[in-house]
Structures are given as C-alpha cells and as structure tokens.
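User: I have just opened this entry and would like a guided look at it. Could we go through it together?
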Amino acid sequence: MSAPAVPPVSGHASGPPLLPALREARRERRLAAALAVVGLAVFGTAAILDPYEASGRPRAEGTHRQLGLPPCTVKTLTGVGCPSCGMTTAFALVMHGDPAAAWRTNWAGCVAAALAAVATGWFLLVAAGLPPGRLTVDEVVKAVVLTGTAAAVIRWLGTLGAAVGAAAA
C-alpha cells in the first residue's frame, strides 16, 4: 500500500513550493539587474555628452541641456543654482577622464558618480549570482540616494552662503 500523494503547498502540480528565501533571492537578482542597467545607462549617457565649451574649457553647468532639458528654474529665478546644478556636467567630465574639472564643477556630483559606480558594480555582481551578503538592494539604493542627496545639499548650502556673502559685500 502506497502513501497518499501530498498536494504541493504552492498549488503547482509540477513541483515543490518555492521557498520564501529563494523567492526573495530571485527578486533581489532581478532588481539588481534592472538597477545595473539604469546605472550603465546613466554612465553611458554621461560618456556621450560633451562637457566642454567650444573653447575647450570645461563647462560649469548646463550639460543637461544636450538632453533637451530646460535651464535650471531655480537659477533662472534666483540667480543661484539648485542643489543639482552642475551634476550632469560633473558626471560627464568624470566619464571623459577629467576628474579635477569635475570636482571643481560640482564636488557633490563626483561623490554621486563614485557612489553610483560602486553601486552599479555591486548590482552587476548580485545580478550575476554573487550573494549580496548582509545588504539588500533596497538598502544599497537608500544609502546611495541619501548620501548623494546629503552631499548635494551640503554643497548647495555652501553655494548659498557664498551668494549671500557676495551680495552683502
């Protein structure tokens, strides 16, 4: 006499249920792959942009206009750029092998580019099957976004301070 067949918990007759840990690992790999593609697209775009003026000098800002985006509204209205002014130019200068000019243009953009490069590499490794260790993709995204935003705001506060000081002089 044989034992009665036990129906699978997942409801799939073709095999055993997918364990929650395996399901989560697959989710992490898919999310990491998608974010790696986004990171590679950002760096690819930065490499295509021209961060130099016709004279050959590095731009201070405005490289984003090559993407069809409008000028910075904050700068247009106030004369002082927003926290992200110069970031596209900094990314493009980094991708063109000019990190010193990128740093002068927007040091927070250099920090963001470095964070994005490390995160994109990590996403590629996780997508390829490397165990992510104690970090999750969500945690890496949060860390990159929060650190990059903090750098942009700190730089912007310095820019505002300089503008106020110049106006008072």
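User: What kind of contact do the side chains of R27 and E24 meet in?
Analyst: The side chains of R27 and E24 meet in a salt bridge, 3.7 Å from N to O. A salt bridge here is a side-chain nitrogen of Lys or Arg within 4 Å of a carboxyl oxygen of Asp or Glu. Please note that this is a predicted model, in which local features need pLDDT of at least 70, side-chain atom pairs count only at pLDDT 80 or more, and totals for chains, interfaces and linings use all residues. Residues are numbered from 1 along each chain as its sequence is written, and side-chain values use heavy atoms, with hydrogens and water left out.

User: Where do R27 and E24 sit relative to each other in helix α1?
Analyst: R27 and E24 are three residues apart in helix α1, so about one helical turn separates them. An α-helix has 3.6 residues a turn, so residues three or four places apart point the same way. Helices are DSSP runs (H or I, at least four residues), numbered from the N terminus.

User: Which other residue does R27 form a salt bridge with?
Analyst: R27 also pairs with E28, where the closest N and O atoms are 2.9 Å apart. Beyond these pairs, a network of salt bridges links E24, R27, E28 and D138.

User: Is E28 buried or exposed?
Analyst: E28 is buried, with a relative accessible area of 6%. R27, at 32%, counts as partly exposed, and so does E24, at 38%. Buried means under 20% relative accessible area, exposed over 50%, and partly exposed in between (1.4 Å probe, protein chains only).

User: How many salt bridges does the structure hold?
Analyst: The structure holds five salt bridges. One of them joins K75 to E61, with the closest N and O atoms 2.5 Å apart. K75 lies in helix α2 (residues 73-78) and E61 in the loop between α1 and α2, so this pair ties together parts that are 14 residues apart in sequence. K75 is partly exposed at 30%, and E61 is partly exposed at 32%.

User: Changing topic: how many disulfides are there?
Analyst: There are zero disulfides, a disulfide being a pair of cysteine sulfur atoms within 2.5 Å.

User: Which residues of α5 are buried?
Analyst: C110 is among them, together with A108, G109, A112, A113, A116, A119, T120, W122, F123 and V126. The buried residues of α5 pack against α1 (20-48), α3 (87-95), α4 (99-105) and α6 (137-168). Contact means heavy atoms within 4.5 Å.

User: What span should α5 have?
Analyst: Helix α5 has 21 residues (residues 107-127), which should span 30 Å at 1.5 Å a residue; its end C-alpha atoms are 30 Å apart, so the two agree. The expected span is 1.5 Å times one less than the number of residues.

User: What lies at the ends of α5?
Analyst: N106 caps the N-terminal end of α5, with a side-chain oxygen 2.9 Å from the backbone nitrogen of A108. Just after α5, G129 takes a positive phi of about 115 degrees.

User: And which residues are buried in α3?
Analyst: In α3, the buried residues are M87, T89, A90, F91, A92 and L93. These pack against α1, α4, α5 and α6. G97 follows α3 and has a positive phi, near 75 degrees.

Note on methods
Helix = DSSP H or I, 4+ residues; strand = E, 2+ residues; numbered from the N terminus. Polar contact = N/O pair within 3.5 Å; in protein donor to acceptor, adjacent residues only side chain to side chain.
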